[in-house]
Amino acid sequence: MTKKEWPLWEIFIRGQHGLNHRHVGSLHAPDAEMAIRNARDVYTRRKEGVSIWVVPSSEITASTPSEKGPLFDPAESKVYRHPTFFDIPDEVGHM
Amino acid sequence: MPSLPDAATPDVVALAERAAAEHHHDPHVADVALKPAFFDWLCRMGDNSLILGHRISEWCGHGPVLEEDIALANTALDLIGQTQMWLGLAAEVEADGRDADDLAFLRDAMKFRNLKLVELPNGDMAVTLMREFLFDAFHYELLTALTISSSPRVAEIAAKALKEVSYHLERSSDLVVRLGDGTEESHTRMQAALNKLWPYTGEMFAADAVDEAVAEAGIAPALADLLPLWQRTVADVLEEATLVQPEQRFDAQTGGKQGRHTEHLGYILAQMQFLQRAYPGASW
């Protein structure tokens, strides 16, 4: 019997209602239904989640590490893009 | 492995204290006439989950894939957790100074009240999963009926265990279907597992004086009432799994509930009880 590896899935868990799903890791499963079951057992054992998303890893398109320079460096010298130049009135309190 | 913050679980100690304070008065716990049967029945509940939990835990670190390994370990932990509740209540009913640990670690094989089905060796994944499915389908119906037990303490434990066992049944029936209706190899192995385990399943429904006494008291359902429910689940899942229900008798192997076990239980207890026997009172 040839050993066939199950496809890889990326797992996203929403910790609480109102929060975003967050990437927590990846696992192997033969299909989406079992990926959700496996994610339940691997990543929500300590009651971490209220919702699970699974996405085939092969469906994720990632940026290329070698393009890091052109992609991200231009933002480096543009501190004015951070909204830190406003004076917040004391009455507003913590934002 | 990344893990999200444990924000949803409040302080477990506070939870346990609150649960203890909320315990309803349960007249059955102090019923002297009922005590021997009630104690024995509680040991049956606790020993089934203890021995099956121990068996499943044997896969820990040996599972075919990491995901299945963790899923099996979770199931084992659920069952051991249920054991603490059942044997804890058994010790309370017995009121003889023993606690759940004493019952688990210091009783001999003949005092164990689990079904023979749950003590059978794991074999391959087919035997492990088929055994779990056949038991889960029974466990689910039993716990469902126990949530309306005349004993509030029993009903509370059943309600908590039922949530876990509902998932066990969902998982094991899904895997029985996938493997039964899978490759030629997996189908053959699942059919062989079913044929091997089938004669042990009837014991789940074979009522004796203990079962009748607790049923009479309204604590537990009549086991015969659970049989058609179990048969329906099993027939549905096996059909979807393209597996054939054996024609042989399903109750050829009984006696575990009365303490007459297969040779396998002795080996389980030797491993499970060694530490407490060799170093009495050891804790960590």
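Does B:Leu243 count as buried or exposed? At 6% relative accessibility, B:Leu243 counts as buried; buried means under 20% relative accessible area, exposed over 50%, and partly exposed in between, with a 1.4 Å probe and protein chains only. The model is predicted, so that local features need pLDDT of at least 70 and side-chain atom pairs count only at pLDDT 80 or more, while totals for chains, interfaces and linings use all residues. Residues are numbered from 1 along each chain as its sequence is written, chains are lettered from A and ligands numbered from 1 in the order in which they are written, and side-chain values use heavy atoms, with hydrogens and water left out.

**The loop between α10 and α11 of chain B**

Remain at B:Leu243, which is found in the loop between α10 (223-240) and α11 of chain B. Helices (H or I, at least four residues) and strands (E, at least two) are DSSP runs, numbered from the N terminus. Display the residues that B:Leu243 touches: not counting residues up to four places away in sequence, they include B:Met130, B:Val176, B:His187 and B:Leu194. Contact means heavy atoms within 4.5 Å.

Next, select B:Thr242, which is placed in the loop between α10 and α11 of chain B. Its phi is near 55 degrees, a positive value in a residue other than glycine. B:Thr242 is partly exposed, with a relative accessible area of 38%.

**Helix α11 of chain B**

Select residues 264-278 of chain B, the 15 residues of helix α11. Among the buried residues of α11(B) are B:Leu265, B:Ile268 and B:Met272. The buried residues of this helix pack against α2 (35-57), α4 (100-105) and α5 (116-119) of chain B.

**Helices α2 and α9 of chain B**

Now display α2(B) together with helix α9 (residues 209-216) of chain B; their axes come within 9 Å and cross at roughly 105 degrees. Axes are lines fitted to C-alpha atoms, for helices over the stretch in contact, and angles run from 0 to 180 degrees between N-to-C directions. The two helices, α2(B) and α9(B), are therefore roughly perpendicular to each other, a term that covers angles of 65 to 115 degrees.

**A loop in chain A**

Finally, select A:Lys47, in the loop between α1 (32-43) and β3 (51-56) of chain A. A:Lys47 is exposed, with a relative accessible area of 52%.

Notes: The expected span of a helix is 1.5 Å times one less than its number of residues. Angles under 35 degrees count as roughly parallel, over 145 as roughly antiparallel, 65 to 115 as roughly perpendicular and the rest as oblique.
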